[in-house]
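Welcome! Let's look at this structure together through a few questions and answers.

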Amino acid sequence: MDNKNAAPLGISLDDRDHLANPAFFNGIDHARLAGPEDDGHPPRILLLYGSLRERSFSRLVSEEAARILTALGAETRSFNPSGLPLPDDAAADHPKVQELRDLTAWAEGMVWVSPERHGAMTGIMKAQIDWIPLSLGAIRPTQGKTLALMQVEGGSQSFNALNQMRILGRWMRMVTIPNQSSIAKAFTEFDENDRIKPSPYYNRIVDVCEELMKFTWLTRSRAGYLVDRYSERVETGQQLIDRVNQTKI
């Protein structure tokens with residue numbers, strides 16, 4: 001379905017003018033990407049951000065990404081990390097932990113946006129990722145899901161947080177898309193209404209969102225086959241559960 005001339009889902013036409021130049025802001029032709037078993041429901045995307053500041057630029061970038069993803073046909077949800085305990089400082093049934101894990105199970109793709117602090121992703125960002133388990137019994141909540149990465153800086157452009165998050169995405173067996181976004185001097189890139197100004201940085205965010213949507217359509221109905229592994233097929237289901245739940249090596 002070619003929907004590039006359609007109004008974006010959940011966003012007014014006036015807002016679309018702010019999001020992107022309408023002449024170039026195309027919809028996603030999912031018929032060219034989706035597998036034969038895909039039921040066509042909107043891709044489900046979860047957005048995580050790594051700062052609790054009142055004016056958090058990682059949150060503002062995630063909100064811009066959510067607007068773009070919604071315009072491209074996604075269903076988006078965002079997790080507020082305020083109140084999330086440090087990993088291992090609370091039980092897994094803590095309400096914020098359960099909220100994060102439920103959202104992870106719901107999502108078919110994710111966006112991680114972190115500030116760079118002391119040359120690395122923030123502890124707030126890492127804590128969220130650490131609370132997402134690699135496995136729950138024989139189920140791996142993140143494997144086969146798509147992932148897009150973005151970071152913001154207070155100074156010159158850097159890619160340290162992006163590189164770290166990319167390693168984590170690979171470790172969690174996520175389909176981490178090639179494109180990424182790094183916004184230097186983020187405090188200069190937003191207007192008085194906390195909307196990102198038109199710029200090459202903004203264009204790159206659109207690029208990342210488009211690519212995430214394409215990869216999500218392309219892989220979500222095929223994820224089971226893409227992540228199927230010989231070593232796991234050798235084990236029985238119970239052996240796999242025993243191994244991933246062992247407490248000692």
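Q: Where does Lys185 lie?
A: In this predicted model, Lys185 sits in the loop between E6 and helix H6 (200–219).

Q: Why is Lys185 called partly exposed?
A: Its relative accessibility is 46%. Partly exposed covers what falls between buried, under 20%, and exposed, over 50%, so Lys185 gets that label.

Q: What makes the phi of Lys185 worth a look?
A: Lys185 has a positive phi of about 45° even though it is not a glycine. Most residues other than glycine have a negative phi. Arg173 also has a positive phi, of about 60°, and is not a glycine.

Q: Where is Arg173 found, and why does it count as partly exposed?
A: Arg173 belongs to the loop between helix H5 (160–171) and strand E6 (175–183). Its relative accessibility is 21%; buried would need a value under 20%, so Arg173 counts as partly exposed.

Q: Why is Asp38 called buried?
A: Asp38 has a relative accessible area of 15%, and buried means under 20%, so the word applies. Asp38 is placed in the loop between helix H1 (13–19) and strand E1 (44–49).

Q: What makes the link between the side chains of Asp38 and Arg220 a polar contact?
A: The two side chains are joined at 2.7 Å, and the cut-off for such N or O pairs is within 3.5 Å. The Asp38 side chain also reaches the backbone nitrogen of Gly40 at 2.8 Å. Leaving aside neighbours within four places in sequence, Asp38 is in contact with Trp217, Arg220 and Ser221.

Q: How do you know that the span of H6 agrees with what its 20 residues should give?
A: At 1.5 Å a residue, H6 should span 28 Å, and its end C-alpha atoms are 28 Å apart, so the two agree. At the N-terminal end, Ser199 caps H6, with a side-chain oxygen 3.2 Å from the backbone nitrogen of Tyr201. Buried residues of H6 include Ile205, Cys209 and Trp217.

Q: Which residues touch the most other members of the largest nonpolar core?
A: Of its 33 residues, they are Val61, Ile68, Leu69, Val111, Met150, Ile205 and Cys209. E1, helix H2 (57–71), strand E3 (109–117), strand E5 (146–152), E6 and H6 each supply at least two residues of this core. A second, separate core of 24 residues includes Leu46, Ile132, Ala161 and Leu168. In soluble globular proteins, nonpolar side chains tend to be buried together.

Note on methods: Residues numbered from 1 in each chain as written. Predicted model: local features only at pLDDT ≥ 70, side-chain atom pairs only at ≥ 80, totals over all residues. Heavy atoms only, no water. Helix = DSSP H or I, 4+ residues; strand = E, 2+ residues; numbered from the N terminus. Buried < 20%, exposed > 50% of the residue type's maximum accessible area, 1.4 Å probe, protein only. Polar contact = N/O pair within 3.5 Å; in protein donor to acceptor, adjacent residues only side chain to side chain. Contact = heavy atoms within 4.5 Å. Expected span 1.5 Å × (residues − 1). Core = buried A, V, L, I, M, F, W, Y, C linked by side-chain atoms within 4.5 Å.
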